[in-house]
Amino acid sequence: MGASILSDLGTEILIPVCAVIGIAFSLLQWVLVSKVKLSPGRDPGSPRNNGAGGKNDCADYLIEEEEGLNDHNVVLKCAEIQSAISEGATSFLFTEYQYVGIFMVAFAILIFVFLGSVEGFSTKSQPCTYDQSKICKPALATAAFSTISFLLGAVTSVVSGFLGMKIATYANARTTLEARKGVGKAFITAFRSGAVMGFLLAANGLLVLYITINLFKIYYGDDWGGLFEAITGYGLGGSSMALFGRVGGGIYTKAADVGADLVGKVERNIPEDDPRNPAVIADNVGDNVGDIAGMGSDLFGSYAESSCAALVVASISSFGINHEFTPMLYPLIISSVGIIVCLITTLFATDFFEIKAVKEIEPSLKRQLIISTVLMTIGIGVVSWVALPSSFTIFNFGDQKVVKNWQLFLCVAVGLWAGLIIGFVTEYYTSNAYSPVQDVADSCRTGAATNVIFGLALGYKSCIIPIFAIAVSIFVSFSFAAMYGIAVAALGMLSTIATGLAIDAYGPISDNAGGIAEMAGMSHRIRERTDALDAAGNTTAAIGKGFAIGSAALVSLALFGAFVSRAAISTVDVLTPKVFIGLLVGAMLPYWFSAMTMKSVGSAALKMVEEVRRQFNTIPGLMEGTAKPDYATCVKISTDASIKEMIPPGALVMLTPLVVGIFFGVETLSGVLAGSLVSGVQIAISASNTGGAWDNAKKYIEAGASEHAKTLGPKGSDPHKAAVIGDTIGDPLKDTSGPSLNILIKLMAVESL
């Protein structure tokens with residue numbers, strides 16, 4: 001068998017050190033972002049005062065006058081808008097977390113009762129599940145520890161979402177102010193703040209998990225099977241919070257967005273983020289709540305779950321049986337190396353290359369993906385060579401399968417590259433630099449109907465390559481290392497999570513920056529810069545969603561495998577009626593879930609539209625810009641609607657496995673899981689790509705950057721109106737239904753387990 005090269009002590013130092021470096025790096029980025037001042041006034045450190053002085057000063061001064069750099073009102077206005085957005089987001093999250101907290105406690109009690117009742121709440125030690133000759137810790141202990149790790153996962157998830165949102169609302173106005181100095185400065189500010197969130201989240205998730213394992217080890221001692229079974233709660237906690245963050249946040253953001261667009265742009269013909277529009281603050285709050293807090297929790301959930309799935313399988317393989325600590329923590333070591341790799345990658349975007357023109361934004365973000373993937377491949381190779389014995393066995397449906405360390409390296413690498421492929425395909429289908437989106441924009445000539453048809457076709461078509469990528473990675477990793485292979489493939493996809501999240505959080509930040517520029521009444525040129533940042537942001541958000549969906553598919557498959565091996569089912573036979581009806585029902589669930597979330601967006605948007613119309617009709621001087629709209633009411637409508645509407649979809653996901661498992665048994669449940677996985681992935685990919693494409697088709701027409709775009713007309717032309725309708729339809733698809741589905745897939749699997 002041979003031992004691993006890296007000693008156990010090395011592992012115990014490596015993991016926390018990497019995590020701490022990650023946290024330190026994110027704090028450093030935050031300090032750099034906070035150097036942009038939100039209070040008017042010249043700070044002595046500005047480059048004008050330490051220049052050569054003399055004639056240059058004069059020229060600089062003229063440029064500044066022209067760009068409005070000295071306009072104190074603008075800075076004050078930005079600060080005011082920013083604090084309004086920040087307050088709205090914080091108050092929404094606090095309201096949401098109160099409800100979620102109640103749910104968390106209830107569910108924790110449920111877990112404790114279900115797991116503890118296995119042996120009638122006995123506190124005696126009992127024979128192990130896999131090896132009857134050994135004595136394991138009592139079920140009650142596992143129940144207690146699972147509940148603790150569930151709460152830990154939930155709290156970490158909530159905290160990471162909340163921190164991400166705080167940083168985003170902190171950075172949005174700063175990005176706007178930097179945009180006055182040029183697109184490169186604004187890009188760096190937005191990207192840095194995204195990086196703060198990415199690194200905080202990756203490092204926190206890793207650190208908490210690592211500490212939890214070490215603390216539990218004090219009690220469990222040598223019973224590693226029980227130890228890592230109890231750790232599974234961590235993933236469940238992370239994902240169940242993500243579900244509410246995603247669904248609640250998604251309903252919130254889209255109710256505001258659709259409401260603001262329909263009345264503002266279509267009925268009243270005012271620009272997108274016009275300060276006269278009462279729903280505009282709610283719309284910008286929504287970007288933070290849904291895209292950032294939701295996305296953060298979501299990817300954290302995937303990450304926690306794939307780690308847990310890998311650990312559970314490993315604990316009953318040779319690693320766990322022979323108590324080899326370093327190979328056992330292989331999944332965590334991959335993540336720690338991932339943090340370091342992403343750190344180097346981030347420097348490429350912020351320090352090594354400077355962005356000077358608008359067209360360099362997207363390539364720079366793409367470069368992030370490529371660099372991190374290439375470096376990570378090398379990193380995984382080193383880790384696999386150092387941390388794994390040269391050959392070992394993996395538990396595979398009842399027997400042990402012999403695996404070599406290079407095979408495991410391939411499993412992780414294939415997941416990593418599949419993630420890159422999914423990212424690029426998503427980019428191709430949602431970026432307005434390529435033909436698919438331009439075709440959709442072109443179809444707006446003949447009205448909204450053709451736009452919708454083209455958009456839907458694009459979304460369905462964009463499923464093809466990602467599904468093949470996922471399929472190949474499943475085949476490769478399963479044939480090498482059974483279920484463990486799939487779990488580490490999912491981890492490979494998520495190993496560059498810090499970069500992925502930085503790219504993803506960059507989107508909503510630049511979106512908000514554009515909104516603030518419009519509301520503060522900045523010049524047209526600045527709005528053009530923020531729009532360019534935002535269009536790139538739409539694409540990167542779609543890439544982030546692609547990653548989340550791909551990893552969710554792999555994670556849920558790994559969890560499904562863990563569930564099947566725990567429930568002692570060796571094969572799932574499709575021909576038995578029990579399983580087949582399970583498949584049918586499971587495939588229907590994502591549709592039911594999407595219907596719920598989309599209808600919620602529709603009804604919440606309806607309330608919002610009525611409120612916005614009421615304000616336009618009853619507040620005198622609102623359209624003329626002499627009176628201020630009542631933003632708070634709109635924020636309240638969105639908050640109330642999303643809190644109320646997030647309960648039914650959440651309940652559907654949480655209760656299905658319990659109901660099916662209790663009334664119909666494990667075999668039907670395995671069918672339901674397989675069915676929901678198969679249909680959920682397709683709907684999720686097509687929904688988020690369709691929505692992203694419609695949004696960028698609209699941006700393509702608005703920007704008028706090419707000859708083709710100019711023929712489709714300025715804002716307000718008929719093709720543009722058709723594009724706005726498409727964008728409005730796509731909003732709930734890309735930001736509510738699509739992203740929430742991947743949580744549906746994962747959660748049901750982890751809960752069954």
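I started at Val564, which sits in helix H17 (residues 524-566). Helices here are DSSP runs of H or I with at least four residues, numbered from the N terminus. The model is predicted: local features need pLDDT of at least 70, side-chain atom pairs count only at pLDDT 80 or more, and totals for chains, interfaces and linings use all residues. Residues are numbered from 1 along each chain as its sequence is written, and side-chain values use heavy atoms, with hydrogens and water left out.

I checked the exposure of Val564. Val564 counts as buried because its relative accessibility is 4%. Buried means under 20% relative accessible area, exposed over 50%, and partly exposed in between, with a 1.4 Å probe and protein chains only.

Next entry: the nonpolar core. I take a core as a set of buried Ala, Val, Leu, Ile, Met, Phe, Trp, Tyr and Cys residues joined through side-chain atoms within 4.5 Å. The largest one has 203 residues, and those touching the most other members are Phe187, Ile281, Tyr330, Ile361, Leu408 and Tyr484. Helix H5 (residues 183-220) gives the largest share, 19 residues. Another core, of 19 residues, lies apart from it and includes Val425, Ala441, Cys444 and Tyr700.

I listed the neighbours of Tyr330, leaving out residues up to four places away in sequence; among them are Ile380, Val383, Leu408, Phe409, Tyr484 and Val488. Contact here means heavy atoms within 4.5 Å.

Then H5 itself. Of its 38 residues, 30 are buried. H5 reaches 55 Å from first C-alpha to last, close to the 56 Å expected at 1.5 Å a residue. That expected span is 1.5 Å times one less than the number of residues. Just after H5, Gly221 takes a positive phi of about 60°.

I also found a positive phi of about 60° at Asn269, which is not a glycine. Asn269 lies in the loop between H6 and helix H7 (280-315). Asn269 is exposed, at a relative accessible area of 51%.

Last entry: a helix pair. The axes of H6 (residues 224-267) and H20 (residues 647-703) come within 15 Å and cross at roughly 35°. Axes are lines fitted to C-alpha atoms, for helices over the stretch in contact, with angles from 0 to 180 degrees between N-to-C directions. On the H6 side I noted Ser240, Leu243, Phe244, Val247 and Lys265; H20 brings Pro649, Gly650, Val653, Met654 and Lys698.

Key
Helices (H or I, at least four residues) and strands (E, at least two) are DSSP runs, numbered from the N terminus.
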